[in-house]
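Let's go through this one by question and answer. Here are the sequence and the model.

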Amino acid sequence: MILPSHLTIKDDHLTIREHDMVALADRFGTPLYVTDEDRIAWNYHQYHEALTSRYPDIRILYAAKANGNLAVLRVLASLGAGADVFSSGELHLALAAGMKPASLLFNGSSKSPPDLALAVEKGVPVSVDSLDELHQLDAVAGVAGKKAEIAFRVNPALDVPTHPKIATGLATSKFGIAHNLIPAAYREALACDHIVPAGIHCHIGSQILSVEPFARACEVMIRIAAEISDIGVHLKFIDLGGGLGIPYHRSEDRAPTPAEYAEAVVPVFRKGIEAAGITPSLWVEPGRSLVADSTVLLTRVNSIKKAHRTFVNVDAGFNLLIRPAMYDAYHEVIAANKAGREGTTLCTVAGPICETGDILAFDRLLPDPCAGDTLALLDCGAYGFAMSSQYNSRPRCPEVMLRGDAAALMRRGETISDLTCTMQNLPWQERS
Ligand code: LLP
């Protein structure tokens, strides 16, 4: 297996730089998410360099949904990132992390009146997903005596090679306004008293392992940008969304680098804006490709069961990592305490949840698995903890951040009282 450069094997143990994963599991307990701040910074610098070297006026809006821990947001804020926020909660977290309102974009296909009011109050630009939403926002801004900056979310009707549940640019998807209806939408926005059309936005899907769909989306966006500039829209930004994939199958997949992405997209962008005579900022919204490979999920083996297959029963399940159950996603598994040894036993890694589908990995070769082993699931930094739940009344596990030779909790583990603290005693039930 080809490991990312921050992961190594020392004395048979898996390490993230100098940090021994078995020692961390002993110190903080399992299950445990472990994130490497230095890797996030490295990933960010790759993007930044790839884009700014080809077009100076860019902004990276980290997709906060991928990993919304404040510590992660603070790292990215300190590097200069803004954020794609998809809820009022994400908006609050991005501001708490020190991001400026103007460096955020409030995305989403179904925003509530309080969501719109918050965006207006804080001065966060809104990606508008329907004409109904446009007029609601106009009214909210009017009541507040403010102007709201907007972009329309374009549905470019592109078929993108990825899992159907994470393809968002299809004509049939719930997201965005059909590309042919976009110029009329901007005309309507220009006629609103409290709306300032400032940008245009799309996001075609996630875990995309080829750069070609991004270049095609950019072509569509540029064509529309030229058209709406002609009707009087002054475009401050063109936001091409996120979606660049990572090589989850570490021995087989090949994911484009940010430089390859930029090389495919930026020339299309530059040519288009030059032809249209406009100078917008180029925005992108990477989530997974910034944070996924920064994180491992450590889990202990509770027991081995030799049945029609060998089940390795571990203490993390789809309560903590739902991607395998939800998208048949693949995450590499390494026995962190025997990392230098060859796999000998074909195993199915099963979680503790009361569901047949609670399988984290099928048919993996592990070295003589036994109770007490520590397994590491790789590439869990995006949509890992962020999609966790308390299903089966399991308190969520802690998250640790590494930086240099330091390791610290960035989220404590939940306790049983975290399960009950939001529950209320009903007046007609006796308390036991
Ligand atoms: N921008 C928008 C508007 C998005 O909806 C998303 C992701 C992104 C940016 C970031 O995409 P990324 O660079 O991370 O691919 N839970 C799924 C992924 C859902 C993606 C949702 N939107 C998974 O675990 O694969």
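Q: Which backbone atom type of Gly287 lies 2.8 Å from an oxygen atom of the ligand?
A: This is a predicted model, where local features need pLDDT of at least 70, side-chain atom pairs count only at pLDDT 80 or more, and totals for chains, interfaces and linings use all residues. Residues are numbered from 1 along each chain as its sequence is written, and side-chain values use heavy atoms, with hydrogens and water left out. For Gly287, the atom 2.8 Å from the ligand oxygen is a backbone N or O.

Q: With which side chain does the side chain of Arg300 make a polar contact?
A: Arg300 sits in strand 14, residues 295-306; helices here are DSSP runs of H or I with at least four residues, strands are E runs of at least two, and both are numbered from the N terminus. A polar contact is a pair of N or O atoms within 3.5 Å; within protein, one must be able to donate a hydrogen and the other to accept it, and residues adjacent in sequence count only if both atoms are side-chain atoms. Leaving aside residues up to four places away in sequence, Arg300 touches a set including Val22, Thr30 and Asp373, where contact means heavy atoms within 4.5 Å. At 2.7 Å, the polar partner is Asp26.

Q: What is omega for the cis peptide bond that joins Thr30 and Pro31?
A: Most residues other than glycine have a negative phi, and most peptide bonds are trans. Pro31 is in the loop between helix 1 (21-28) and strand 4 (32-36). The Thr30 to Pro31 bond is cis, with omega about -5°.

Q: Where is Asp379, the residue other than glycine with a positive phi?
A: Phi of Asp379 is near 60°. Its place is the loop between strand 19 (374-377) and strand 20 (399-403).

Q: Are helix 2 and helix 3 oblique or roughly parallel to each other?
A: Axes are lines fitted to C-alpha atoms, for helices over the stretch in contact, and angles run from 0 to 180 degrees between N-to-C directions. Under 35 degrees is roughly parallel, over 145 roughly antiparallel, 65 to 115 roughly perpendicular, and the rest oblique. Helix 2 (residues 37-52) and helix 3 (residues 70-79) pack at about 40°, with axes 10 Å apart. Helix 2 and helix 3 are therefore oblique.

Q: At what angle do helix 5 and helix 6 pack?
A: The axes of helix 5 (residues 113-122) and helix 6 (residues 131-144) are 9 Å apart. Helix 5 and helix 6 count as oblique, and the angle is about 50°.

Q: Is helix 4 roughly parallel or roughly antiparallel to helix 5?
A: The axes of helix 4 (residues 88-96) and helix 5 come within 10 Å and cross at roughly 25°. That makes helix 4, relative to helix 5, roughly parallel.
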